[in-house]
Amino acid sequence: MLIAVLFMLEVEANAKKLEQLKSIAEQQAAQMRKAAELYDEVREQLYNDLRYTFKDDLPKWHAVVTPDLAVRFEEPSILFDDGQWALKQNFKDILATFFPRYVAILSSKKYRSSIEEIRIEGHTSSVWNTQTTPAQAYFNNMKLSQDRTRSTLEYVIQLPKIDSERRWVIAKTTANGLSSSRLRLNADGTENRKASQRVEFRVRTNAEERIGEILRAGRQK
């Protein structure tokens with residue numbers, strides 16, 4: 001009889017533990033959904049604000065805003081001369097109009113606390129010249145893309161119209177030369193050399209950090 005009672009008590013205790021574990025798992029799942037919804041909301045709002053702000057300029061700039069929060073400048077003949085890193089005057093004029101308004105959006109009260117990084121990315125085709133191996137072409141293009149993003153960063157960081165936010169921009173903005181590691185492709189899977197040569201301004205949010213904060217707060221309750 002005593003053994004039966006002890007067995008029933010153990011079963012009851014295990015059932016309570018399982019119920020508690022289930023409750024904790026449900027709470028964490030709810031917290032994850034909340035964090036994901038928050039991230040999606042910020043992402044969608046920022047995407048829409050960027051599109052709306054630049055909608056009249058994008059066709060003139062040969063640029064697009066993508067759902068993954070990149071502003072992509074797609075016409076290489078406007079950006080740089082072949083094999084050169086110095087900004088062409090047309091691109092300087094575009095950046096002088098684009099970047100202060102871009103910073104005004106990202107540094108606004110609406111988004112400021114969500115911005116982890118502003119990435120200036122330089123992309124090239126896989127081509128260098130006929131005398132180089134693919135590996136040599138990749139590293140030559142790596143240096144070129146790095147030099148191009150650095151010159152782009154140096155130019156925008158000195159624009160007078162961002163004076164009030166220059167310190168914040170310096171803290172958040174990086175220059176990233178990616179060579180031909182992220183080629184744009186044609187429909188048949190071949191490299192689109194022209195489209196691969198581009199400059200992108202890309203936003204990275206602190207969504208992962210905020211999800212972690214929500215989960216840690218939930219575990220402490």
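The following is a working chat about a predicted model.

Colleague: What should I know about the model before reading any values?
Modeller: Because the model is predicted, local features need pLDDT of at least 70 and side-chain atom pairs count only at pLDDT 80 or more, while totals for chains, interfaces and linings use all residues. Residues are numbered from 1 along each chain as its sequence is written, and side-chain values use heavy atoms, with hydrogens and water left out.

Colleague: How many helices and strands does the protein have?
Modeller: There are eight helices and five strands. These are DSSP runs numbered from the N terminus, with helices being H or I of at least four residues and strands E of at least two. Along the sequence the pattern reads α-α-β-β-α-α-β-α-α-β-α-β-α.

Colleague: And what percentage of the residues counts as buried?
Modeller: Of the 221 residues, 39% are buried. Buried means under 20% relative accessible area, exposed over 50%, and partly exposed in between, with a 1.4 Å probe and protein chains only.

Colleague: Which residues have the most contacts inside the largest nonpolar core?
Modeller: They are Leu46, Phe73, Phe91, Phe98, Phe99, Tyr102 and Phe201, in a core of 39 residues. Such a core is a set of buried Ala, Val, Leu, Ile, Met, Phe, Trp, Tyr and Cys residues joined through side-chain atoms within 4.5 Å.

Colleague: Which element gives the largest share of this core?
Modeller: Helix α4 (residues 89-106) does, with nine residues.

Colleague: Where is the kink in α4 centred?
Modeller: The kink, about 30°, is centred on leucine 95. The bend at a residue is the angle between axes fitted to the seven residues ending there and the seven starting there. Leu95 is also one of the buried residues of α4.

Colleague: Turning to the rings, how many aromatic pairs are there?
Modeller: The count is 14. Rings of Phe, Tyr and Trp (its six-membered ring) pair if their centres lie within 6.5 Å; planes under 30 degrees apart are stacked, over 60 edge-to-face, and the rest tilted. Phenylalanine 73 and phenylalanine 91 are edge-to-face, at 5.7 Å centre to centre and 65° between the planes.

Colleague: What does that pair tie together?
Modeller: Phenylalanine 73 lies in strand β2 (residues 70-73) and phenylalanine 91 in helix α4, so the pair ties together parts 18 residues apart in sequence. Phenylalanine 73 also forms an edge-to-face pair with phenylalanine 98, at 5.3 Å and 80°.

Colleague: Are phenylalanine 73 and phenylalanine 98 buried or exposed?
Modeller: Both are buried. They also belong to one aromatic cluster, whose members include Trp61 and Phe201.
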